[in-house]
Amino acid sequence: MQLPDGRHVPDLRLDPSRVERCRALADAVTAPVLELVQRHTTVSIERTVLRLYGMDDADASGVPLVNRAVDALQARGLLDRGAAYWRGYVLRGGPAEPAAVVERLAALPPHPAPLAEAEERELRADLRREARARVDALLDRVRRRNALRDELGVGASPLRYVIVATGNIHDDVEQARAAAQAGADVIAVIRSTAQSLLDYVPHGATTEGYGGTYATQENFRIMREALDDESRRLRRYVHLTNYSSGLCMPEIAFAAAWERLDMLLNDAMYGILFRDINMRRTLCDQHFSRRVCALADVVIHTGEDNYITTADADEAAHTVIASQFVNESFAHRAGLPDRLVGLGHAFEIDPAREDTIARELAQALLVRTLFPGAPIKYMPPTKHKQGDIFFSHAYDVMADVVAAVTGQGIQLLGMMTEAMHNPLLMDRYVALKTSAYVARAWRSMGAELALRPGGLVERRANETLAKALALLEEVAADGLMRAIGEGRFADIARTEDGGKGLAGVVPRGPAYFNPLLEIMETR
Amino acid sequence: MTVGGEPGQVVRPYGDRRDDGVVQLSFVLPVPADERARAAAAEVARRMGLEQVQIAAMEPAADRYTFFVVYGRTSAAVDYGALQVAERPVRRKGFDELNALALREVGRRIVVLGACTGSDAHAVGIDAIMNMKGFAGDPGLERYPCLDARNLGAQVENAALARLCAERRADAVLVSQVVTQRDVHKENARRLVEELERLGIRKEITAILGGPRIDHRLALELGYDAGFGPGTRPSEVATFIVGAVLRRMGKELH
């Protein structure tokens, strides 16, 4: 099979009717969720709308103004009309300066006097016009990013992705530049542990974090500017990614889009299963954030790789495939074209077993074949990494080989010290040097290899697809939320009204108004 | 030579010949790769006490960073028998091993509640220990089939937490304290123990304290059964809990 980027991968014979059925079932799974999403908004969605209007500062104690504004509206039971509306309402005859807007929102009575019809119409028209102008400014920034990328060109696929995670954005910059010089195509700034559970986006440049660096708009700006500079020096565009996940998915998507990030991790299932975030909340947030990514041409990465870091990678391979179909459907419903849907998976089968390469190859090729237009994101071994860094390095090389042969799109490089600490500078260097060797050495082998008909790889891929189909039948029959409740993904069960953040979900009222959503839905 | 710690037995690294003292190491220096960098790397190794230093690899890892692989011989030698080895707490058990052992020996799921108590809103620590995802590749307590673990999140009142411990007949309670201004963490931590005593369940429950400024000794002083500091893995806590429950049943964790 030839991929859109020109690479060839071995042909994998699959039953097309099965694949078609998987897609139809995934659409059936996501349809009722979309209905739910369309009936609700969340505090984070409303905060995003206010950020669009330029409310991106924090008060003296560091609380973001958007949190103060939206909390005030929610306390008064007014959020069902949308924060944009109330912003317009208090703007009449007052200064537009954000801190003053917050004060006036906080002073609203529980039942503000309704406006005359003409005034109401004019207010909405003004808000729409202002939103349009801000979206145009955002799209200008996106165009600037894409122009630089087109001018400089990008590295060969798979794009090689490494992480920095010092906790200090300025140290992150130094390490990101060094990684780019050593050949990295994508820099991911890992977030501070459990930032996903904060119901606000921290403000400003940060120099302290636990196990990572806080995702803030200012940190995004600092890193993207440094990488622009480094990209120009290297004459090769270096991408930046971060996490639009957790309780602030939509806000982070917006801040990242504004600061010209290229990619974002974005997966409601990850938050539900691994961070115990309420499913209604995060499914609403995911849809909105994916619409932002579609608007700003940002590649999303989904988190199926995480399933097999908890459940057994060999036994749970089909859950990855089933979830990818669901994620693809959610992404399409949010307006994302295939080229922006970076479905995730991983090389994680226990290396102590036999014939693991046949199974890893089958899985990687299956994902590649099922989603030919998507920039598939391949994650390295983590779960079975050892303190023996020499063994771990050899283990990573196997993943590099599978990635090369199966035409992966974005490859997170394994670090030989994975089980020990955040990557040292030399760990990244060695990983980049070695993966470059593998890519060079295996350049044409994807086109040369043919799988034995009825052999181990082909059988395994078809078995996995059949099991994924069976799982999707069950999920479609039960509904996604009940399926999650029964622990069908990653062996983890969550309930519809459990988890964090449910209080931030608000049914939209009949007069709900969200000009950003209108623009994104009618593109 | 006999195995084990014979008095007077001196050991040194063994590369190619006994007692040759050969070690390999790698590091990065934040300078461009040139002869001065090579000399600097060799000097670093010599100052570490290595002799016959060989720079086996010098590669530019980035514009201003150079990667080295270095070999050398150390004269360091250790009297193996005379070493004073500190007694270790219970060895951390593997995930499957601990689950199998606990389900077999305890015969039911162990109920664990966790929270950040009082005014502390920093759930980073309790989440790292409790959440399914865990920390540093070590799965969190929610993931253990032998545990019925529930993370109550941040800003949980001490009295409410103690009440819940009684209602759910919890075997263990985990308290995380991150904020330490004016010793607020100590006062807050003590209050939970007082509440547990007031409800008469202190002896039936293992109380565990954790946080960046917590150590085992401080936790004991505050009336807890154990304290865990920064870098603690969930499996260490899980092993401790299973051990404590078994001790209350008159059994030992081996």
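## Exercises on a predicted model

In this predicted model, the centres of domain 1 and domain 2 of chain A, taken over C-alpha atoms, are 36 Å apart.

**Exercise 1.** Work out which residues make up the two domains of chain A, and describe the side of domain 1 of chain A that touches domain 2 of chain A.

*Solution.* Start with the bounds: the domain assignment gives 16–30 + 153–462 as domain 1 of chain A and 41–132 as domain 2. Next, look for contacts, counting pairs whose C-beta atoms lie within 7 Å. Twelve residues of domain 2 of chain A are in contact with 14 residues of domain 1 of chain A. On the domain 1 side of this contact, α9 (249–258) and α11 (279–295) of chain A each provide at least two residues. Finally, sort that side of domain 1 of chain A by class: nine residues are nonpolar, three charged and two polar.

**Exercise 2.** Now turn to chain B and explain why strand β8 (residues 172–176) is largely enclosed by the rest of the structure.

*Solution.* Begin with burial, where a residue needs 20 or more other C-beta atoms within 10 Å of its own. Five of the five residues of β8(B) are buried, so the strand is largely enclosed. Then check each face: B:V173 and B:V175 are buried on one side, and B:A172, B:L174 and B:S176 on the other.

Definitions and conventions: Residues numbered from 1 in each chain as written. Chains lettered and ligands numbered in written order. Predicted model: local features only at pLDDT ≥ 70, side-chain atom pairs only at ≥ 80, totals over all residues. Buried ≥ 20, exposed ≤ 12 C-beta atoms within 10 Å, placed from the backbone. Helix = DSSP H or I, 4+ residues; strand = E, 2+ residues; numbered from the N terminus. Domains from an automatic or database assignment. Contact = placed C-beta atoms within 7 Å. Nonpolar A, V, L, I, M, F, W, Y, C, P; charged D, E, K, R; others polar.
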